[in-house]
Amino acid sequence: MNPEPIPRAEVLPSVMSADFLRLGDQVAGLLKAGARIFHVDVMDAHFVPNLTLGPGFAEALAAPVHAAGGLIDVHLMVERPGPMVDAFAGAADAISIHIEADPHPARLLEQIREHGCLAGLSLNPGTPVVAAAPLGAGLDYVNLMAVSPGYAGQSFRTETPGRVAELRTLMPDVVIQVDGGVDIATLPGVRDAGADWFVSASAIFRAPDPCAAYDALRSAAVRA
Ligand code: DX5
Ligand code: ZN
């Protein structure tokens, strides 16, 4: 599904830090609290050192999320992600691939759109944001990593708001996602720099009350 118009000012719970034995309850609670886009981190132990969620997980998560009118955003941290685009497309509404993971990102973005999904391009902290600009016509969102991808719970890199502002100037209409280290203290800086989608794992799922934590982040995400 390709949502029209694309929602803005959204907080995306990253389910890699959910309590997997209570996942259904946690997702139901977040849907009730207003969460509309759930972020699925896919790691292959090659592009990043960690190994995480597969297509079967995304399909299980998509059932309640789609039933509630929500969306699934799949973040592919995998080398040569082409086959995984196809494997996740049934569950996903949005898929991002890393520009560093394949020499032909434009072809992959096209492949994502052919599945009817929003096409996203993720950039590691060390990749200049200008790298996204030539691909602009073929993408719907840019995911600026605020940590080196691979793990939840890392510290937010302080250069990120500046990178968001630079990308906003280069690409005025693109949806900008920020992923990594987003919490109630770091969100306002990237929001004010022009970001739209705020991914958060630890600040939601490691909080005593994940729904209350989501709610506080969502309030901060909506520009005054
Ligand atoms: C990091 C992942 C993130 C991660 C964020 O490699 O792409 O989505 O889950 O975790 P926090 O919010 O804890 O930094
Ligand atoms: Zn992610």
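In the predicted model described here, Ser17 is found in the loop that links β1 (10-13) to α1 (23-33); helices (H or I, at least four residues) and strands (E, at least two) are DSSP runs, numbered from the N terminus. Residues are numbered from 1 along each chain as its sequence is written, and chains are lettered from A and ligands numbered from 1 in the order in which they are written. Because the model is predicted, local features need pLDDT of at least 70 and side-chain atom pairs count only at pLDDT 80 or more, while totals for chains, interfaces and linings use all residues; side-chain values use heavy atoms, with hydrogens and water left out.

Ser17 has a relative accessibility of 3% and therefore counts as buried, where buried means under 20% relative accessible area, exposed over 50% and partly exposed in between (1.4 Å probe, protein chains only). With neighbours within four places in sequence left aside, Ser17 is in contact (heavy atoms within 4.5 Å) with Ala152, Ala201, Ser202, Phe205 and Arg206.

A polar side-chain atom of His39 is placed 3.4 Å from a ligand oxygen atom. For Gly181, a backbone N or O atom lies 2.8 Å from an oxygen atom of ligand 1. For Ser202, the distance from a polar side-chain atom to an oxygen atom of ligand 1 is 2.5 Å. Taken alone, ligand 1 exposes 380 Å², of which the protein buries 99%; accessible areas come from the Shrake-Rupley method with a 1.4 Å probe, and for residues only the protein chains shown count as cover.

Leu187 belongs to helix α6 (residues 187-193) and is buried, with a relative accessible area of 0%. Beyond four places in sequence, Leu187 is in contact with Val11, Val182, Phe198, Leu217, Ala220 and Ala221. The C-alpha atom of Leu187 is separated by 29 Å from that of Ala45, 142 residues apart along the chain. Ala45 is found in the loop between β2 and α2 (55-67) and is partly exposed at 38% relative accessible area. Although not a glycine, Ala45 has a positive phi of about 65°.

Ala9, also not a glycine, has a positive phi of about 50°. Ala9 is found in the segment before β1 and counts as buried at 12% relative accessibility.

Ala87 is found in helix α3 (residues 82-88) and is partly exposed, with a relative accessible area of 31%. Not counting residues up to four places away in sequence, Ala87 touches Pro55 and Glu59. The C-alpha atoms of Ala87 and Gly162, 75 residues apart along the chain, are separated by 35 Å.

Notes. Polar contact = N/O pair within 3.5 Å; in protein donor to acceptor, adjacent residues only side chain to side chain.
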